[in-house]
Amino acid sequence: MSAPIYRDPIADGAADPTVIRKQGTDEWWMFYTNRQPAAEGPNFTWIHGSPIGVAVSRDDGASWHYRGTVKGLDDPADVPGKNTHWAPEVIWAEGEYHMWLSYIPGIPDNWPGVPRTITHFTSPDLETWTRVGPLTLNGPRVIDACVLKCPDGLWRMWYKDEDAGSSTWSAVSTDLYAWRQEGLVLPGSPDAPPHEGPNVFVLGGWHWLIVDEWRGQGVYRSKDAVNWERQGIIGGEPGSDPMDIRFLRHADVVVVGDHGALYYFTHPEWDELADKAGPPDMAARKTAVHHGRLSVADDVLVFERDVAKGTPLLRA
């Protein structure tokens, strides 16, 4: 069964999960966008005003426990506690933790014209974060960073440009601080499906890139993390648990041994085919985090959705 492994106990809006092991411990930390399903306000107010929530597992992902929210992520020029934090990317590299946060000033109620930046933070312990600052990329509305060191020796960041047809772009760096825009990776509409939430990982001798196409995860593979070929979609078919029948949204992958632990979220009570304008009520806005297993067979990425709750997927 593919029952939810985690629901935020405060707002019940956990989305965009990313999972990382805390160095020197047996703890795995999940950082996530904590949407606000109960928020009052028109249109998409409830998706904004979100802090970053944290849950911790001490049993290799078999169970997760709420730890609180991340403090100190607001721009000093903005009103504290009245801003929007989305889709954190958190890695350990070069002796410290790095976070790239999708940051929106204020609490907008709609999409058009609202600026977004990817902002860099560092930390020695996953708890206290120092603001480095926003990146200068190809536009004023970029979100959803993913960072990985590539075969050419460069750190590469993949991200979504909302003003370019919801397409995926890349930037490169030698030190994780200074970034240079590289170019378009996956086009958006009308050349290819619009998408968001790129995630790149290495498994089975390939680099894999998955993107949220709002119908499942589009899958691409590469030998060099630069040139990509499409495989298809995973996570579009429902899981067997009644709370996991909707398609996968904004996923993260942790590779452990010969498999990948895939973390994703769903709206368990929102039927998008029936309510295309958006969730019709607070219950439909609520979200759940799930996990699944990835493997590679005959150079194809294989997704096993019906992994039981309580399975320690973060154990090799």
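## Basis

The model is predicted: local features need pLDDT of at least 70, side-chain atom pairs count only at pLDDT 80 or more, and totals for chains, interfaces and linings use all residues. Residues are numbered from 1 along each chain as its sequence is written, and side-chain values use heavy atoms, with hydrogens and water left out.

## Thr84

Thr84 belongs to strand E5, residues 84-93 (strands are DSSP runs of at least two E residues, numbered from the N terminus). Thr84 has 0% relative accessibility, so it counts as buried (under 20% relative accessible area, 1.4 Å probe, protein chains only).

A polar atom of the Thr84 side chain lies 2.8 Å from the backbone nitrogen of Gly49. Thr84 also touches other residues, including Ile47, His48, Ser50, Tyr103 and Pro108 (contact means heavy atoms within 4.5 Å). That list leaves out residues up to four places away in sequence.

## Aromatic residues

The structure holds 11 aromatic pairs (ring centres of Phe, Tyr or Trp, the last by its six-membered ring, within 6.5 Å; planes under 30 degrees apart are stacked, over 60 edge-to-face, the rest tilted). Trp206 and Trp208 form a tilted pair, at 6.3 Å centre to centre and 50° between the planes. Trp206 is buried at 10% relative accessibility. Trp208 is buried at 0%. Trp29, Phe31 and Trp129 make up one aromatic cluster.

## Charges over Trp206

Arg221 sits over the face of Trp206, 4.3 Å from the ring centre (CZ of Arg or NZ of Lys within 6 Å of the ring centre and within 35 degrees of the ring normal). Lys223 also lies over the face of Trp206, at 4.1 Å from the ring centre.

Conventions
Helix = DSSP H or I, 4+ residues; strand = E, 2+ residues; numbered from the N terminus. Buried < 20%, exposed > 50% of the residue type's maximum accessible area, 1.4 Å probe, protein only. Polar contact = N/O pair within 3.5 Å; in protein donor to acceptor, adjacent residues only side chain to side chain.
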